[in-house]
Amino acid sequence: MDWSLFVCARKGHVTYAPDEPELRDRLMAPTAGGPAWRCLRCGAFVTGGPHGSGPAAAAPLLRRGKELRGELLLRVFAVDRFLRFLILGAAAYGVWWFKYDRASIQRAFNHALPAIRALYQDLGFNVSNSKLLPFIQRSFTHTSRWLTLVAIGLAAYALIELVEGIGLWLGRRWGEYFAMVATSVFLPYEVYDLVAVKVTWLRVVAFVINLLLVIYLAWTKRLFGIRGGAKAYEAGLRTESFIEVEQAALAAASPGQPGHGEPAGAAVQPAGDAPNSAPSPPGAISPRLTPPH
C-alpha cells in the first residue's frame, strides 16, 4: 500500500512553487485545465495553484513512505493514552465525589454488607480472604485532605496522558519528546510494581507497551541526539523529498553530461515510494505526465 497516496486522499495534496526557475519548471506541467503542480507527498501532478511558494530550502518537509507508516503506529499508542485518560479522569472524579458524599456512601455500604457477604458465600469465596472489602472499609478512614491529594494526583496523571495522546495523534515533534519523557519517568515505578508488589498480566502489558514506545521514539525519531538527533532526522526527510530529488537531477544534467535536457518525468523517484504503483486520488494527474524543461 502506498501510504503517501492514502494520506493525500484523506488530507489533500501539498504543492509548492520554488523561486528557482528551472526547479519550478520541473514541478509544474501545463494542462488543458491550467498549470498542474507536483504534490510533495505523493508525487502526483494536481491542477490548481500551489499551496505555497518561496525558496526551495523553505519548502515544507513532509513525512512520506515509512515515516507515514510510523505515524500510524504512533496513533495506536495515542489511542492507548486516550483510554488511560478516560479511566484516570473517571477515577479522579470518583475520589472527589466520594470525598463530599462519604457519609451516605458508608451508610449504604454498611447496609449492603450482609448481602455482599452472603453473595461471597454463595459463590464459594471466603470472605476473610477478600481484599476488596477491607480496601473499601479503609477508604472511609482517610482524611479529606488525603482524598483531595489523591484526586489531584489522578487528575494530573490523566492530563499528562491526554497531552501525550494529542501529541502522538498529531505526529508533532514536541509530542514525541513529551511522550518519551513522561513515559520514561513512570517506568521505574512500573518495574518496582512488578518486582516488589505483584506480577499481573495487566501490569506486564502496560509495562511492555510503555517500554516499546520509549524505544521506538528514541530510535526511529532520533530524539535527544540518538542516531544524529534532529538534524539527521530532518536530513532523512529532505533526502526523500521530491524537491531534493529534482535538485539532484538538475545538478546531474549540467551541460556536457549525459542526460542534459531530460524532462522531469525522467527524474529518479525516491526509493520505496513509486507514485505510479497505485492509482492517484481523485483530482490528481498521473506523475507520468512530462512537464516542460
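I began with the hairpin that β2 and β3 form, which has 2 residues between the strands. Strands here are DSSP E runs of at least two residues, and helices are H or I runs of at least four, numbered from the N terminus. The model is predicted: local features need pLDDT of at least 70, side-chain atom pairs count only at pLDDT 80 or more, and totals for chains, interfaces and linings use all residues. Residues are numbered from 1 along each chain as its sequence is written, and side-chain values use heavy atoms, without hydrogens and water.

I then looked up the pairing (at least two DSSP bridges between two strands). Strand β2 (residues 28-31) runs antiparallel to β3 over 4 bridges, and Pro30 stands opposite Pro35 in β3. On β3 I also found 3 bridges to the antiparallel strand β4 (residues 45-47), where Thr47 is the bridge partner of Ala36. In the hairpin of β3 and β4, with 6 residues between the strands, Gly43 has a positive phi near 90°.

I checked burial next (buried is under 20% relative accessible area, exposed over 50%, partly exposed in between, with a 1.4 Å probe and protein chains only). Of the 5 residues of β3 (residues 34-38), 4 are buried.

I turned to Asp193 in helix α7. Asp193 is buried because its relative accessible area is 13%. Leaving out residues up to four places away in sequence, I noted that Asp193 touches Lys198 and Arg203, contact being heavy atoms within 4.5 Å.

Last, I looked up Val163 in helix α6. Val163 counts as partly exposed because its relative accessibility is 32%.
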